[in-house]
Amino acid sequence: GEGSFKQHCINLANELGLDDIVFYGAVHDNNLKSALYSMCDVFVLPSRFLNNTYEAWGLVVNEAMSMGKPIVTTNAVGCCDELVQQGVNGFVVEHSSPKQLAEALIKILNDKELKKRMGNNSRIIFEEKNNYGKMADVFLKAVEFSLKGKL
């Protein structure tokens, strides 16, 4: 993204001599976004609680799951309980724990079968959660319930 933390990340990468990192910033072009997801092995959203703020949902997790990617995120991401099933399609680690984050990444990256299985599971979970027929049924039930109370 383009947040205030971006420059800190750029400085840290330079300090550590990591020259194979590209900071794209906000990506609005859907073709580029799709290409970036396709290139990655694992999607990581390492958000943390900071000044009583957190990642309210983390829509990028939905996007990565739609592309069949394993997910590693923290408990400071609102969607973590809803979308990430521990050990099934990824891992949720404690925010501000670089050790847990690294362990989760290493576990996935060192096991090609696990990486593939988690990616496939992400896509399946995404499809289950984004089933428009189910969404319409729930919406209809909510409207019917609301009308019953008012009749």
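Q: Rings of Phe, Tyr and Trp (its six-membered ring) pair if their centres lie within 6.5 Å; how many aromatic pairs does this rule count?
A: First, a word on what you are looking at: this is a predicted model, in which local features need pLDDT of at least 70, side-chain atom pairs count only at pLDDT 80 or more, and totals for chains, interfaces and linings use all residues. Residues are numbered from 1 along each chain as its sequence is written, and side-chain values use heavy atoms, leaving out hydrogens and water. With the ring rule applied, the count is two aromatic pairs.

Q: Is the pair of Y37 and F43 stacked, edge-to-face or tilted?
A: Planes under 30 degrees apart count as stacked, over 60 as edge-to-face and the rest as tilted. The ring centres of Y37 and F43 are 5.9 Å apart, and their planes stand at 50°. That angle is why the pair is called tilted.

Q: Is F43 buried or exposed?
A: Buried means under 20% relative accessible area, exposed over 50%, and partly exposed in between (1.4 Å probe, protein chains only). With a relative accessible area of 13%, F43 counts as buried.

Q: What share of the 151 residues in the chain do buried residues make up?
A: The chain has seven helices and three strands, where helices (H or I, at least four residues) and strands (E, at least two) are DSSP runs numbered from the N terminus. Their order is α-α-β-α-β-α-β-α-α-α, and the C-alpha atoms fill a box of roughly 65 × 40 × 30 Å along the principal axes. Of the 151 residues, the buried share is 26%.

Q: Which residues does M65 touch, not counting residues up to four places away in sequence?
A: Touching, or contact, means heavy atoms within 4.5 Å. Leaving out residues up to four places away in sequence, M65 touches I71, L83, N89, S122, R123, I125 and F126.

Q: In α3, which residues are buried, and why do they lie on the same side?
A: The buried residues of α3 are V61, N62, A64 and M65. They cover an arc of only 165° around the axis, taken from the directions to the C-beta atoms, so they are on the same side of α3. The buried residues of α3 pack against α2 (30-39), β1, β2 (71-74), α4 (80-83) and α6.

Q: How far apart in space are K69 and G90, C-alpha to C-alpha?
A: K69 sits in the loop between α3 and β2 and is buried, with 11% relative accessibility. Among the residues that K69 touches are Y37, F43, A64 and S122. In sequence, K69 and G90 are 21 residues apart, while from C-alpha to C-alpha the distance is 8.7 Å.
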